[in-house]
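Welcome to this short tour. Please open the model in your viewer, and we will go from stop to stop together.

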Amino acid sequence: WYTNVSLTDGDYDIEVRGNDARDGMTTQTIPVKVDLYPPTGGIVIEDGRYAHNSTWVKIDVAANDTHEPIEMQMSRTPDFSQATWWPHYASETYGLLDEPEGNVTIFLRLRDAAGRISETYNDSIVIDTTPPEGVLLINEGAKYTNSTTVTLRWNATDLTGVVGMMASNDPDFEGAMWQDPMNAFSWAIGEEDGVHQVYLKIRDFVGWETVLTDDIILDRTPPAASLSIDQDAPFTTSMDVMLNITLYDENPISFKLVNLDDPWPDSWRTTGSTVDIPWTLSAGADGQRSVRMLVRDAAANEFIATDDIVLDTTPPEAVLILNDGDAFTKKHLASATLTASDATSGLSRMRISDSDDFSEASWQTVKDRFSWPLSAGDGTKTVFVQVRDVAGLITTIDASIILDSIRPEGTVS
């Protein structure tokens with residue numbers, strides 16, 4: 001015999017009764033399991049988080065079916081090649097083969113006792129086992145600063161992204177607090193001149209941390225420098241002079257030179273600690289000239305040094321008169337009057353000679369009046385005088401007189 005019965009999924013007992021020829025009745029119960037549909041379920045990796053910092057992951061597998069037992073297969077590929085069936089575990093921690101890095105997808109399918117296989121389920125997670133890598137720069141990588149306020153700029157690469165940071169002047173980050181990442185921000189270093197280290201700790205999405213660091217030299221002391229013109233000479237007779245420069249600073253120094261009232265040049269000069277530089281003073285009438293030097297160290301501290309010198313290109317003016325201008329004298333000792341002046345540097349010395357080569361003359365104090373012995377023998381006598389100013393310029397002058405020391409001779413008739 002047979003019968004057609006429409007049943008849904010579930011467990012049923014079918015009771016069969018039969019009568020024999022003698023009206024004897026027999027009853028038999030037949031258990032029937034109806035399973036028309038494959039199992040359903042799902043997979044969740046690490047409670048649904050976006051990323052994880054280990055290749056060991058917790059996997060939760062949900063499985064539903066009318067009848068147990070249920071088996072499951074998991075695979076890193078959707079074709080489940082080389083995957084085996086094993087009993088269903090609701091939650092378990094698994095180690096991923098090949099220690100993958102990056103996005104990982106795990107595929108799941110279920111099989112019930114009737115051999116029906118579910119659709120394929122999957123979940124993905126980013127495996128990040130590497131701390132962030134990055135660079136921290138203070139003031140864009142500058143070596144020196146003259147301010148305790150600096151700019152920190154950093155960049156980093158990370159699989160899951162940087163989600164937090166903390167900065168500190170202390171390598172132990174004492175008192176530092178986590179905050180949202182900012183790629184550039186102002187920061188205060190210590191007050192004392194010298195090397196300052198700044199530390200930046202960054203943390204990625206899965207908790208890996210990296211410490212970035214950079215250092216900078218704080219220098220708030222202006223550079224020291226000296227400038228002299230012609231070794232501090234008070235006067236010069238030429239516009240072409242020599243600048244004597246000495247620089248004192250622990251850090252590299254650059255400098256600019258300019259004549260007073262001229263604008264600073266655009267370019268900087270560099271040199272060692274001491275140097276002599278040829279220089280041309282500004283044009284114009286005789287008088288004071290000033291040269292300025294702007295000095296800047298590597299931290300941009302600046303200092304201005306100045307030196308002065310008097311330009312004197314005009315020799316002294318002088319007039320020499322013998323015996324108040326007389327044309328003749330009968331005496332061998334002449335009386336000389338010297339009128340001399342110098343407008344810029346002033347008179348310094350004079351010398352007197354019977355010859356214009358002054359070979360035997362010595363420099364002496366300038367005198368307005370003096371006596372001078374005329375050479376032997378009557379005739380024209382010339383006295384030569386040189387007058388020197390403080391700057392060293394010399395004027396040569398002379399005056400003549402006729403010596404007539406012999407009385408005239410004659411008779412009267």
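Which residues does Asn323 touch, not counting residues up to four places away in sequence? Select Asn323 and look around: the residues are Thr329, Ala334, Ser335 and Ile401, where contact means heavy atoms within 4.5 Å. Asn323 lies in the loop between β26 (317–322) and β27 (328–329). Its relative accessible area is 14%, so Asn323 counts as buried (buried means under 20% relative accessible area, exposed over 50%, partly exposed in between, with a 1.4 Å probe and protein chains only).

Before moving on, a word about what you are viewing. This is a predicted model, in which local features need pLDDT of at least 70 and side-chain atom pairs count only at pLDDT 80 or more, while totals for chains, interfaces and linings use all residues. Residues are numbered from 1 along each chain as its sequence is written, and side-chain values use heavy atoms, leaving out hydrogens and water.

**Zoom out to the chain**

Show the chain as a cartoon and you will find 0 helices and 32 strands (DSSP runs numbered from the N terminus: helices are H or I with at least four residues, strands are E with at least two). The radius of gyration is 55 Å, well over the 22 Å that the globule rule gives for 413 residues, so the chain is more spread out than a compact globule. That radius is taken over C-alpha atoms, and the rule is 2.2 Å times the number of residues to the power 0.38. Along the principal axes, the C-alpha atoms fill a box of roughly 230 × 40 × 30 Å. Buried residues make up 36% of the 413.

Pick Leu294 to see its bridge partner in β25, Ile304. The two strands form a hairpin with 4 residues between them, and Ala300 in the turn has a positive phi of about 75°.

**Last stop: Val366**

Select Val366 in the loop between β29 (347–353) and β30 (369–373). Beyond four places in sequence, Val366 touches Leu338, Leu347, Ser348, Arg349 and Met350. Finally, find Tyr199: 167 residues from Val366 in sequence, and 75 Å away in space, C-alpha to C-alpha.

How values were computed. Two strands pair if DSSP finds at least two bridges between them.
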